[in-house]
Amino acid sequence: MESPKHSLFMRFAAVTSHAVGTPFAFLVALGLVVVWGVTGPYFRFSTDWQLVINTGTTIITFLMVFLIQNTQNRDSEAMHLKLDELIRAMEGAHNALLDLEELEEKDLDRIRVDYLKLAKSARTAVRNGEVDTGRVELKGAEIWRAGRRKE
């Protein structure tokens, strides 16, 4: 169960990420930059005038990185769960692929090789007028049988 603070942050992050991704937010930011630029001559392009935009953009960028990363993490997790459900529900799908994101890069590379071969074979079949569907055993699946799968 989520703590109230965690839930509040997640709601804030989601709303803020959505709001700053709109054309209106872009126009507001553009307007601020234009106003800043236009006021340059009034402030004689002073160091303080430059410091205002530099400080403001640095703070906003710093905070937005965390908000956007939070939103990206949630979106990615939701996508993984949806894909896992599709794999689980499909007859003939390899359930061993359910949590690939937990494997090490070298294990992913081995599995990727199998899929690249499968894709090449399917394209060849299509060029020859054959059907490119069917279930093929993946050689990379030995990483699960060998007990090398992360838990």
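His18 is exposed, with a relative accessible area of 61%. The model is a predicted one. His18 sits in helix α1, which spans residues 4-20. Its C-alpha atom is 9.3 Å from that of Thr71, a residue 53 positions away along the chain.

Next, the loop between α2 and α3. Helix α2 covers 23-38 and α3 covers 47-89, with Arg44 in the loop between them. Phe45 lies in that loop too. Arg44 is not a glycine, yet its phi is positive, at about 55°. Phe45 is not a glycine either, and has a positive phi of about 50°. Arg44 counts as exposed because its relative accessible area, 73%, is over the 50% cut-off. Phe45, at 47% relative accessibility, counts as partly exposed.

| Residue | Relative accessible area | Class |
|---|---|---|
| His18 | 61% | exposed |
| Arg44 | 73% | exposed |
| Phe45 | 47% | partly exposed |

Now the largest pocket. Its space comes to about 430 Å³. The lining holds 15 residues. Nearest the pocket centre are Val28, Ala29, Leu32, Thr57 and Ile60. The elements that give two or more residues to this lining are α2 and α3. Helix α2 gives the most, with seven residues.

What classes of residue make up the lining of the largest pocket? There are 12 nonpolar and three polar residues, and no charged ones.

Terms used. Residues numbered from 1 in each chain as written. Predicted model: local features only at pLDDT ≥ 70, side-chain atom pairs only at ≥ 80, totals over all residues. Heavy atoms only, no water. Helix = DSSP H or I, 4+ residues; strand = E, 2+ residues; numbered from the N terminus. Buried < 20%, exposed > 50% of the residue type's maximum accessible area, 1.4 Å probe, protein only. 1 Å grid on protein atoms, 1.4 Å probe; cavity = no way out; pocket = protein on both sides within 12 Å on 5 of 7 lines; lining within 4 Å. Points joined across faces, edges and corners; volume = space filled by probe spheres on them. Nonpolar A, V, L, I, M, F, W, Y, C, P; charged D, E, K, R; others polar.
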